[in-house]
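Trainee: I have a model to look through. Can we go over it in questions and answers?

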Amino acid sequence: MTVAEPDAATPRVRRRRPLWVDLTSIALVTALLLAGLGVGSAALYRQLYSPTAFVLHYLSLLSDGRAGDALAVPGVALTPDQLSAAGLPSTASSALLRSTALGQLSDVNVVSESSEGAVTTVTVSYSAGGHSGTTAFRVAPDGQLGVLPTWRFATSPLAVMSLTALGTMQFGVNGFVVDKRQVSPDGENVKPTEPIAMLVFSPALYAIRIDTDISSSSGTAVLTNAPGVDIPVTVQAQPTAQFTSVVQQRVNEFLSQCATQQVLQPTGCPFGYVVRNRVEGTPTWSITQQPTIQVVPDGNGWRIPDTAAVAHIQVTVQSLYDGSVRRVSDDVPFTVNAGITVNPDETVAISIGGGTN
């Protein structure tokens, strides 16, 4: 029996896949797309719109030296009333909230993010001028921009540095020169020993240095790593060699002028001579050993501690007992001390004292 071959021109009938297979495939692809979209959206939220992203944006502005933009971030700037409410000086100067007073900030890394109620705490680590630090920032919702959330600092990241700079009216902060009279609410009437309250960014490193013709200091570094605190800082200036040299010259001139007085007790001078007999003629003085001056801090001013010196007197004396006459030539040891005041116009007033040993 012969079986006929199928005609090549006759079409083959294909079996169609069940509908449920197609629907399942579509659902699977859709789910994968939605999952990918969700992961991407979550990543985008974390990078751009989360509390952590908000804090990192603020820190990036500080890192770039954009002090004005950092101050404009919601919740950073503080009014006098807000400063008072936070227990900070309401008259704190904003002189250091500028790019020229900012230090270096780098190596910023997120340590943690945690929420309690509406407030999220974002903790970051960083390097400020080579000093490592960690700061926690409190962030709260600040409405929405369309469907996107916006944020503000629940606690301003600003702090206050209350600086007492002794021995000078001027000091430098990260190279930016500050004059007490320009930043104090008391202006020209500022008391030299009063601390000057200045707002500072947190986190930041502030290097304080005194460098004037009269006084200088080694650098003092202050790391502001906690928002909303008042940081007391005291810097004591030391006299410059130039200042000490000028004081030495003034004292030498003063003592030399004293030596021109032809009396036993020169007026207003730290040396004199006592004679119990009659003086013939006039005494003559000379300074045989000028004091070697040392200038030391004294509050906001300076002083010269007791310093040895020697004057020499020549005088003719007649004895009251027998009428004999003799020529006296004696060294007269004495001490010199002084108070030194630096006036607002940078002139120096020296009040010299002392006495015969």
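Trainee: What span should helix α2 (residues 51-63) have, and what is the distance between its end C-alpha atoms?

Mentor: Helices are DSSP runs of H or I with at least four residues, strands are runs of E with at least two, and both are numbered from the N terminus. The expected span is 1.5 Å times one less than the number of residues. At 1.5 Å a residue, the 13 residues of α2 should therefore span 18 Å. The end C-alpha atoms agree, at 18 Å apart.

Trainee: What sort of model is this, and how are residues numbered?

Mentor: It is a predicted model: local features need pLDDT of at least 70, side-chain atom pairs count only at pLDDT 80 or more, and totals for chains, interfaces and linings use all residues. Side-chain values use heavy atoms, leaving out hydrogens and water, and residues are numbered along each chain as its sequence is written, from 1.

Trainee: Which residues of α2 are buried, and which residue just after α2 takes a positive phi?

Mentor: Buried means under 20% relative accessible area, exposed over 50%, and partly exposed in between (1.4 Å probe, protein chains only). The buried residues of α2 are Pro51, Thr52, Ala53, Phe54, Val55, Tyr58, Leu59, Leu61 and Leu62. Just after α2, a positive phi of about 75° is taken by Gly65.

Trainee: How many helices and strands are there in the protein, and what share of its residues is buried?

Mentor: The protein has six helices and 18 strands. It has 357 residues, and the share that counts as buried is 38%.

Trainee: Which cysteines form a disulfide?

Mentor: A disulfide is a pair of cysteine sulfur atoms within 2.5 Å. A search of the whole structure finds one. Its sulfur atoms are 2.0 Å apart, and they belong to Cys258 and Cys269.

Trainee: Which parts does that pair tie together?

Mentor: The link of Cys258 and Cys269 is left-handed, with -90° about the S-S bond. Cys258 lies in helix α6 (residues 241-258) and Cys269 in the loop between α6 and β14 (278-289), so the pair ties together parts 11 residues apart in sequence. Cys258 is buried at 2% relative accessibility. Cys269 is also buried, at 16%.

Trainee: Where do the buried residues of α6 lie around the axis?

Mentor: The buried residues of α6 are Phe243, Thr244, Val247, Gln248, Val251, Leu255 and Cys258. They cover an arc of only 135° (taken from the directions from the helix axis to the C-beta atoms). An α-helix has 3.6 residues a turn, so residues three or four places apart point the same way.

Trainee: Which strands do they pack against?

Mentor: Contact means heavy atoms within 4.5 Å. The buried residues of α6 pack against β13 (238-239), β14, β16 (301-318), β17 (325-342) and β18 (348-356).

Trainee: In which sense do β3 and β4 pair, and which residue in the turn has a positive phi?

Mentor: Two strands pair if DSSP finds at least two bridges between them. β3 (residues 131-145) and β4 (residues 148-153) have five, in the antiparallel sense. Ala140 stands opposite Arg152 in β4. The two strands form a hairpin with two residues between them, and the turn residue with a positive phi, about 70°, is Gly146.
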